[in-house]
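Here's a quick walk through this one, going from charged pairs to nonpolar cores. Keep the viewer open as you read.

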Amino acid sequence: MNVSLAKDLSVYQLVMGVQVPPKPLSLSPATLLSLVRAQIDLLIEQQIAATLWVKLPPEKIWQSELARYQSSVGASSFIYTCQIDESGKGRDGEAGEENTPSSPYDVPVHLPPDSQLRRENFLMVLSPQFCSLILAYRPLKKRKNQTSGKVNTNKNQPLLIITTVEGRVIQQILNGIQQAIAPESSPIPIDFICPTAPQAALMNQLFTKQLLRQDEINRQIITARTTKLQQLNQELHNKDQLQDEYLNNLCHELRTPLTHMKTALSLLNSPNLKPPQRQRYLQMLNTQCDHQNSLITGLLELVQMERNLEGTALESVRLSDIVPGVVSTYQPVAQEKGIMVAYTVPTELPSIWCVSGGLRQIVINLLHNSIKFTPNGGQVWVRARIQGDYVQLEFRDTGIGIAENEIPKIFDRFYRVRTAATENYGGAGLGLTIVQQLLLRCGGSISVKSKLYEGSTFTVQLATVGNTSRAIAIENE
């Protein structure tokens with residue numbers, strides 16, 4: 001059956017056109033759902049075979065109510081389901097899959113895309129025992145854009161809901177539908193005469209069911225809100241715990257060099273101190289001052305980076321413009337230790353996405369670590385190559401290595417590899433944390449392979465500029 005309605009049909013206008021129309025109430029979609037469910041409950045309990053005219057939201061929670069009624073009453077009912085025909089093919093009988101009737105007793109009624117019913121949802125029940133209407137209307141409040149002068153519509157207007165069992169109102173809607181049926185549509189027998197009012201017993205049952213359904217939905221809403229609040233509280237609690245742990249670690253890290261400095265100062269006051277011992281304690285003071293300065297500088301850098309990182313835009317940068325310069329800066333330090341540093345960065349590699357200045361910081365931190373933890377006479381290689389939509393940047397050394405159980409911890413703030421051989425290497429334990437944060441922002445990643453006393457390999461992956469979809473996803477995160 002091919003049924004189409006004119007675009008100027010508005011159930012809301014038909015209702016408001018009767019003498020002394022029902023008063024609309026500003027209610028929530030949850031209340032609308034409770035009203036619909038209560039009516040379906042009544043129809044099923046009383047086994048009322050009715051003709052339904054409906055236009056409800058497409059979500060399953062609404063459509064399941066119609067399916068519940070159909071499965072209970074079956075062939076003795078007809079449902080006319082109004083659907084916006086986005087494809088424009090409804091009048092030709094070529095409706096898409098969404099317009100396919102769910103049963104022989106479900107008749108799709110096609111509405112043009114510009115139909116006034118687009119802003120309306122309703123359920124109209126027609127039977128000799130019981131007639132009713134539930135109508136939801138969302139008005140579009142027009143407001144003028146001060147900059148463009150165009151008139152915009154505000155979609156956040158309240159939902160106006162009308163519910164009535166008055167025969168005169170429902171009859172007005174039936175007459176309006178009859179007049180709005182397109183001439184080429186299949187004929188619909190709309191000769192139904194609405195009873196003036198339903199039986200009092202049915203109305204009492206309907207009111208009871210409405211109260212029960214509203215109470216059920218209210219309890220569901222309260223449960224959902226309580227669950228959400230509990231989740232938020234847990235997240236805040238976890239955040240507080242992380243902050244407490246962070247502050248405890250920070251205090252511990254800042255206190256350690258101060259303790260060493262205080263010890264050195266007290267030893268310097270010894271009257272029997274020999275010159276070599278004095279020199280050793282002075283060197284201890286100098287070392288711990290450098291460590292304290294490194295901690296404070298690293299912390300300030302990390303705080304500043306985390307504060308600004310989210311709003312920092314990505315930029316296109318080439319590895320061949322960054323890596324050679326950083327390597328040449330560290331060549332004198334490597335030569336002092338007798339370490340061979342080499343790099344291979346082909347100039348034809350594509351550009352990659354990174355935050356402004358981020359690639360240089362990543363290369364500096366990783367190269368600095370490789371040289372620092374590689375003994376005299378060792379080797380450090382930096383190599384870049386293309387891997388699909390990513391450029392892979394590898395830092396490999398013949399250094400002291402990392403124990404397997406420590407690898408997952410090396411990106412934690414203040415963490416330093418806990419072996420006797422590394423006690424004199426210093427550092428704030430923040431370099432790898434900064435590298436990881438920068439890579440997370442630009443959609444990159446870092447992995448580590450290492451063996452004690454054999455060396456380590458840090459592998460960084462960075463999205464190429466050609467990987468546009470990845471860059472868009474990063475910017476939207």
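Glu-166 has a relative accessible area of 31%, so it counts as partly exposed. Keep in mind that this is a predicted model. Glu-166 pairs up with Arg-168 in a salt bridge, 2.9 Å from N to O, and Arg-168 is partly exposed as well, at 38% relative accessibility.

Pick out Asp-41 and Arg-68, whose side chains form a salt bridge at 2.9 Å, N to O. Asp-41 sits in helix H2 (residues 29-45) and Arg-68 in helix H3 (residues 60-73), so this pair ties together parts 27 residues apart in sequence. Asp-41 is buried at 15% relative accessibility, while Arg-68, at 27%, is partly exposed.

Now look at Glu-45 and Lys-209, another salt bridge, with 2.6 Å from N to O. Here distant parts of the chain are linked: Glu-45 is in helix H2 and Lys-209 in helix H5 (residues 200-268), 164 residues apart. Lys-209 is buried, with a relative accessible area of 14%, whereas Glu-45 is partly exposed at 47%. Across the whole structure, the search turns up 11 salt bridges.

On to the nonpolar side. The largest core has 45 residues, and Leu-366, Leu-393 and Phe-458 are among those with the most contacts inside it. Helix H8 (residues 358-372) is its top contributor, giving 6 residues. Beyond its neighbours within four places in sequence, Phe-458 touches residues including Leu-366, Leu-393, Ile-402 and Val-448. There's also a second, separate core of 34 residues, with Trp-53 and Met-124 among them.

Note on methods:
Residues are numbered from 1 along each chain as its sequence is written. This is a predicted model: local features need pLDDT of at least 70, side-chain atom pairs count only at pLDDT 80 or more; totals for chains, interfaces and linings use all residues. Side-chain values use heavy atoms; hydrogens and water are left out. A nonpolar core is a set of buried Ala, Val, Leu, Ile, Met, Phe, Trp, Tyr and Cys residues joined through side-chain atoms within 4.5 Å. Buried means under 20% relative accessible area, exposed over 50%, partly exposed in between (1.4 Å probe, protein chains only). Helices (H or I, at least four residues) and strands (E, at least two) are DSSP runs, numbered from the N terminus. Contact means heavy atoms within 4.5 Å. A salt bridge is a side-chain nitrogen of Lys or Arg within 4 Å of a carboxyl oxygen of Asp or Glu.
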